[in-house]
Amino acid sequence: MVITFDITQKDGRTEVRFTHHGLVPTEECFDVCSTGWNFYVNTSLRQLIATGEGQPNSGGRARLATEEAVVSGMA
């Protein structure tokens, strides 16, 4: 799996283009992955940029020990 973020300036604003290479409609996880990425990029990342605080998942808090370790390490 390869994921890229391309960040450019466009019309005096910053444009972030996210690509999950190989994620196509015929993949079994397409709907779940698309929904998840949509939340992280369009909601959580946008909030992080605008307010300094995003959401590590749709519930807004870490659910797994590995998520908690990452979030705690950022504080």
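User: What does pLDDT tell me, and what is the mean for the chain?
Analyst: pLDDT is the predictor's confidence in each residue, on a scale from 0 to 100. The chain has a mean pLDDT of 83, and 75% of its residues reach 70 or more. This is a predicted model, where local features need pLDDT of at least 70, side-chain atom pairs count only at pLDDT 80 or more, and totals for chains, interfaces and linings use all residues. Residues are numbered from 1 along each chain as its sequence is written, and side-chain values use heavy atoms, leaving out hydrogens and water.

User: Where is confidence lowest and highest in the chain?
Analyst: Helix 2 (residues 65-74) is lowest, with a mean of 63, while strand 1 (residues 2-10) is highest at 94. Helices (H or I, at least four residues) and strands (E, at least two) are DSSP runs, numbered from the N terminus.

User: Why is I7 called exposed?
Analyst: I7 sits in strand 1. Exposed means over 50% relative accessible area, buried under 20%, and partly exposed in between (1.4 Å probe, protein chains only). I7 has 60% relative accessibility, so I7 counts as exposed.

User: Which residues does T19 touch, not counting residues up to four places away in sequence?
Analyst: T19 touches V2, I3 and T4, where contact means heavy atoms within 4.5 Å. The C-alpha atoms of T19 and V2 are 8.2 Å apart, although 17 residues separate the two along the chain.
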